[in-house]
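Subject: Structure for your review

Hello,

Here is the structure we talked about handing over. Please have it open while reading the notes that follow.

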Amino acid sequence: MKAFLEYVAEDLLAKYGSNLSRTAIVFPNKRAALFLSEYLARKAGKPIWSPNYITISELFRKNSELQVADPIKLVCDLHRSFTSQTGIDETLDKFYGWGQLLITDFDDIDKNMADADQLFANISNLHELDDLSYLTEEQKEILAKFFSNFADDQQTELKKRFMKLWAKMGDIYHDFNSRLLEQGLVYEGALYRSVVESGDIDYEYDRYVFVGFNLLHKVEQQLFTMMKKEGRATFYWDFDRYYMPNKGARHQDNSAGHYIAQYLSDFPNELDTTRDEIYNNFTAKRNISIISASTENAQARFISSWLTDDSTDQKTRIADGHNTAIVLCNEGLLQSVIHCLPEDVHEVNITTGYPLIQAPAASLVSMLFELQTTGWSTQHECFRLKQIKAVLNHPYTKFITENATSLERKLSDERVYYASEDMLAFDEGTKMLFKHEDTLKGMLDWLCTIVQDVARNYEQQEGANEQGDPLIQETLFKIYTLLNRLNALVESGDLTIDLPTLQRLLIQLWSSASVPFHGEPINGIQIMGVLETRNLDFNHLLVLSCNEGNMPKGSSDTSFIPYSIRKAFGLTTIDHKVAIYSYYFHRLIQRAGDITFIYNNSTTDGQTAEMSRFILQLMVESPHDFSFYTLQSDMRMQKFMPKEIEKTEVIMEKLMKRFDIRKQTETPHSPLLTPSAINRYMRCPLNFYYYYVCGLSEDDETDDDRIDSRAFGNIFHEAVHMLYTRMTTQTNIITASAIGDLLKNGVDIERAVDAAIQKELFKNSRLSANFSFKQLNGLQIINREVIIHYVRQLLTNDKQLAPFSIVGLERDVTARFESENICTTIGGRVDRMDRIVETSEDGTKTERIRVIDYKTGSKQANRLDNVGAIFNADNLSKHNDYFLQALLYSCIISVSKDFNPSNLEVSPALLFIQHAAKEGYDPTLFFGKERINSVEQYRQEFGTLLRETVNTIFNKEEPFKPTADKQRCATCPYRLICK
């Protein structure tokens, strides 16, 4: 079928000949002009004088000396009018959001030429409705129903506020317009209204041809009428009889042709509406494919199959060029669509713009804002590490400084959670990046400088031999322009907001702005949004994401003017918007022969999972045939079953190099088998394999300055170690008086905790003389106080126990271990070994060594029944690892001539500091109800079971098996590897 614009071109040439230089073609948008120009050249078959193409917006602006102000300026001026008329001292940052809504309402009032005074009248008495003679009875009834809710005796606070604001809306409207006119500015609706009310039209051309309009605001209808009376306007309407109002038609409720039907009598069509080849195409029977997809990206991936489908004329779809269109009801699919085009497609024309918010330059500005707001610590007068690293790791930072990577590495290694401007001044680039700004003007100047610097250095580095990426250059220019405009508004005093509001404003600007693509519009497959399809016809159509909410566009219809009043005064309502989209939908497919709709049938990510109501309407009313398909991925759901890892020769060699003494010269690791390694194997052999054989250690690097449980425990251990080392400088005896002095003074305890915090959290091994706990943030100060409390609790317990001797603090305890499969060193580090004297009820004194491990966690270890329970793989949730560690160290120490030359009894102990305040607290471990006063009686059984376990670890016939307890997988760092 011929396109609508082809018929328009034929008619223009037939009526006005080849000289169209004095003709202006007026379109709703610019896109159609390019196609009409092509059709005119083709139909004429010879050189012609081309007409002038303008949009309806340009036509209005050409007839006014006023300038449309930018959106930010409009809200700033509206804010002044609002505060002056209402007396409400509302800040601009709080007003900004609904200031935009109010401007939209005022724009709608003027485009529909409503009487603002009557619309905003304070109708406190329903009898005032009798004077509204210009309203129809139906409109009066609508208003009466609405305002009856405000006339009852029960005046709620919401009703009072509404009526109070409503009474001032007219004053705000007039003051706002006056304020703008003084500056020679208007908003679009006010400009349109001023043009038609003045009636002063500058007819630059002999004739104006209006092509392809649908819904007309009253200002547009008035303009059309004025130009028609002057004999300068003609009209071309694009529609199909199928959806035009027809009392006898089955589909008479179709709203697509509702508005055009109203205008045909006042603005007659230049084309003959009885011509079936133009206006009766919709009922030509065709097959329409409807496809459901589970994700948005699945739709994009289908494009390649659709373009190269062997079941249709595949060459036509690709080779037909501009007659093939991919329409995006969700324009967020643009990037996915571009990447999914097949290699056969050599030419493509993209109508919809690249969303600015998706540009890396926009993310850089957002990160810089985060750096200056949440990333700035007023307390420390420094930047926080998390935001510093985000900026340094951004891909565009390399265009500012060459030292980004080395600076980031240095800060991470040294755990500099708070870095001053001086610390970050590695070079001129970092000095510029990490310059603190706390004023609106300073922030915008700083951002403009950085974006400008990135753009300049990008051209030098990337565009030295080539032109560089035009998209990157264009996005940088667009962002710089927006920032510069905001800066100008701040300088003029129009924009007075705080930094968080500026940040939100920028996000709004990024979201609404796009970078246009430029190319030859007539060549290649067309990729476009719904609005760009107006007036255009295609042979092959693929409509993506044709869901309810996208087609028609979902609209909350948020407004200060309630629906009832909008309807009564002829303003735009949600009904208008649905009818407009209905027209776009039906007009798009009325001449196409090859049509495919895809919709998302998934309810994730806010999707409704419903196809558009217009597709359903087609299925019910139209004579077309429909084929239904579902996009199926080649991927099939499968249950992941972790596999055993056989101990091959390669694996055994790596394992032995890691743990066997006989291989120690071949490995940088000390051949030490720790209780942690044994426990890791018992919990899950696969976990052991990934950690020790593959070397996949967990990354403990963090840019967060919070004290997590690991850091908390380390700080406590380090502080206790400092204090007890200090008390045992002269002798190993700890006395009650020495502990009492510490508790009484308290300063040494705090200094020890502060030193531990610096060492463990900030990786500073020496206590800085100018360090103060006031430099910590709130959570860190709370953690510091808790650790101090725990240290005091430990000292209080030990004071009751004193005197006692310290055998060792933070000492490595190891022993040679040989079995059938391994010869290694076994052991680890003990927090504390002390020698105490206990007096029994009969006065007998016994001396023993306690092997103590400090625990800062809240859960106390459950008692085990016997030694065998330690090695029970099915019972590892009861802190078996604590028992294994304590008993192993105790067994080694009990026979050690260095630690136990007197062959004293040795007992394992776990000191849970959170429970140490209980009266009679004893950290010694128990088996059942029996306290383990001496590990000697359990040595043989423990050694046998330990040997069996270790032999299993190094048995080449025993594979690394996954754990059977799925609860352990929940917190396992390797769960995504083994599934």
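Helices (H or I, at least four residues) and strands (E, at least two) are DSSP runs, numbered from the N terminus. This is a predicted model, and the labels below refer to it.

Backbone first. One joins Met 551 and Pro 552, with omega at about 5°. Pro 552 sits in the loop between strand E16 (540–544) and helix H24 (563–568). The other runs from Ala 802 to Pro 803, and its omega is near 0°. Pro 803 belongs to the loop between helix H33 (778–801) and strand E21 (804–818).

Two residues other than glycine have a positive phi. For Met 113 the angle is near 50°, and for Asn 903 it is about 55°. Met 113 is located in the loop between helix H5 (92–111) and helix H6 (116–119), while Asn 903 is in the loop between helix H34 (880–894) and strand E24 (905–912). Are these two buried or exposed? Met 113 has a relative accessible area of 27%, so it counts as partly exposed. Asn 903 reaches 63% and therefore counts as exposed.

Next, the charged side chains. Side chains of opposite charge can pair when their charged atoms come close. With a cut-off of 4 Å between a side-chain nitrogen of Lys or Arg and a carboxyl oxygen of Asp or Glu, the count comes to 54 salt bridges. Some of them are described here.

Arg 456 forms a salt bridge with Asp 453, and the closest N and O atoms are 2.7 Å apart. Both residues lie in helix H21 (residues 440–461), three residues apart, which is about one turn of the helix. Arg 456 is partly exposed at 39% relative accessibility, whereas Asp 453 is buried at 13%.

Arg 784 and Glu 750 also meet in a salt bridge, at 3.8 Å from N to O. Arg 784 is buried, with a relative accessible area of 2%. Glu 750 is partly exposed at 36%.

A further salt bridge is formed by the side chains of Asp 922 and Arg 931, at 2.7 Å from N to O. Here both partners are partly exposed: Asp 922 has a relative accessible area of 28%, and Arg 931 has 22%.

Salt bridges also occur as a network, in which Lys 2, Glu 6, Glu 10 and Lys 43 are linked.

Glu 532 is in the loop between strand E15 (525–529) and E16. Which side chain of opposite charge is nearest to Glu 532, and how far away is it? The answer is Arg 534, at 6.4 Å. A salt bridge requires a distance within 4 Å, so Glu 532 has none, although it is buried. Leaving aside neighbours within four places in sequence, Glu 532 is in contact with Asn 29, Arg 31, Glu 331 and Thr 351.

Regards

Notes
Residues are numbered from 1 along each chain as its sequence is written. This is a predicted model: local features need pLDDT of at least 70, side-chain atom pairs count only at pLDDT 80 or more; totals for chains, interfaces and linings use all residues. Side-chain values use heavy atoms; hydrogens and water are left out. Buried means under 20% relative accessible area, exposed over 50%, partly exposed in between (1.4 Å probe, protein chains only). Lys and Arg count as positive and Asp and Glu as negative; His and the chain ends are not counted. Contact means heavy atoms within 4.5 Å.
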